[in-house]
Amino acid sequence: MVRRRALNAWLIAAPFVLALAAPALAQNAPPSGETAAPKPAEPKPAEPKPAEHVYVALTTSAGTITLDLDKAHAPLTVANFLKYVDSRRFDGANFYRAMHLDWGDQPNGLLQGGLQGINVLPPVPHEPTSATGITHKAGTISMARYAPGSATADFTIMLSDIPSLDAQPASDNPEARAGFAAFGHVVSGMDVVRRIWDQPRSPTKGEGVMKGQMLEPQVKIVSARRVPPPATP
């Protein structure tokens, strides 16, 4: 109640405060003929980060998928992914889940692969889309996780735009606020992604919402290697 009275008092007094301030401002104006002191220069807006791309080829038993990883905007997530690439830990891993959404424009869903918790490194700090600006569009690669900051070696590739995976800073739900950490996109091989996504799925494997989404058989990642940038036409 005291706080509300104080606020009401301010609202009532505010016009008088402003009225008193106006003559003071007028008195501070320079006399006629004199030049006012120059205003300080407005600070320049921060320049956007220059693009810094790292390319990785995932060679699978169904074909090759080439990724463009955005090191400038998602440096921690990209560095984490490259540790697995450079140590060849992804060699012999699998694409094992194809989430099919039966609404909206088709194909709609995502493909998931990785090490499934085996031979993984410490988790990477979470980089939300609200900080990186990399959103979950068709072809985007993003980290799979449990809680924010628990991602290790499993990742997803979007078959469609899935904005619900982006960070929602205004949400009351902490999971929605955090979203998932996107860090690049497919530059070639989306036909391979679609081919793997269309593979048969087990009707019984998988737990909870993942039941019926597990590929059977899984599709092997034969190798993951850094590659030069694709040739421009």
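What pLDDT does the protein average, and what share of the residues score at least 70? The average is 85, and 78% of the residues score at least 70, where pLDDT is the predictor's confidence in each residue, from 0 to 100. The model is predicted: local features need pLDDT of at least 70 and side-chain atom pairs count only at pLDDT 80 or more, while totals for chains, interfaces and linings use all residues. Residues are numbered from 1 along each chain as its sequence is written, and side-chain values use heavy atoms, with hydrogens and water left out.

Over residues 1-31 the pLDDT is below 50. Beyond near neighbours in sequence, this stretch has two contacts in the model, a contact being heavy atoms within 4.5 Å. Where pLDDT is low, the predicted coordinates should not be read in detail.

The largest nonpolar core holds 40 residues. Such a core is a set of buried Ala, Val, Leu, Ile, Met, Phe, Trp, Tyr and Cys residues joined through side-chain atoms within 4.5 Å; buried means under 20% relative accessible area, exposed over 50%, and partly exposed in between, with a 1.4 Å probe and protein chains only. Ile65, Leu69, Phe81, Phe90 and Phe95 touch the most other members. Helix 2 (residues 75-86) supplies the largest share of this core, five residues; helices (H or I, at least four residues) and strands (E, at least two) are DSSP runs, numbered from the N terminus. Leaving aside neighbours within four places in sequence, the contacts of Leu69 include Val78, Phe81, Leu82, Ile141 and Phe183. A second, separate core of six residues includes Met99, Leu110, Met158 and Leu165.

Gly179 touches His126, Arg145, Leu165, Asp166 and Ala167, not counting residues up to four places away in sequence. Gly179 and Glu127 are 52 residues apart in sequence, yet their C-alpha atoms are 9.2 Å apart in space.

The side chain of Ser160 is joined to that of Asn108 by a polar contact of 2.5 Å (a pair of N or O atoms within 3.5 Å; within protein, one must be able to donate a hydrogen and the other to accept it, and residues adjacent in sequence count only if both atoms are side-chain atoms). A polar atom of the Ser160 side chain also lies 3.2 Å from the backbone nitrogen of Gly109.
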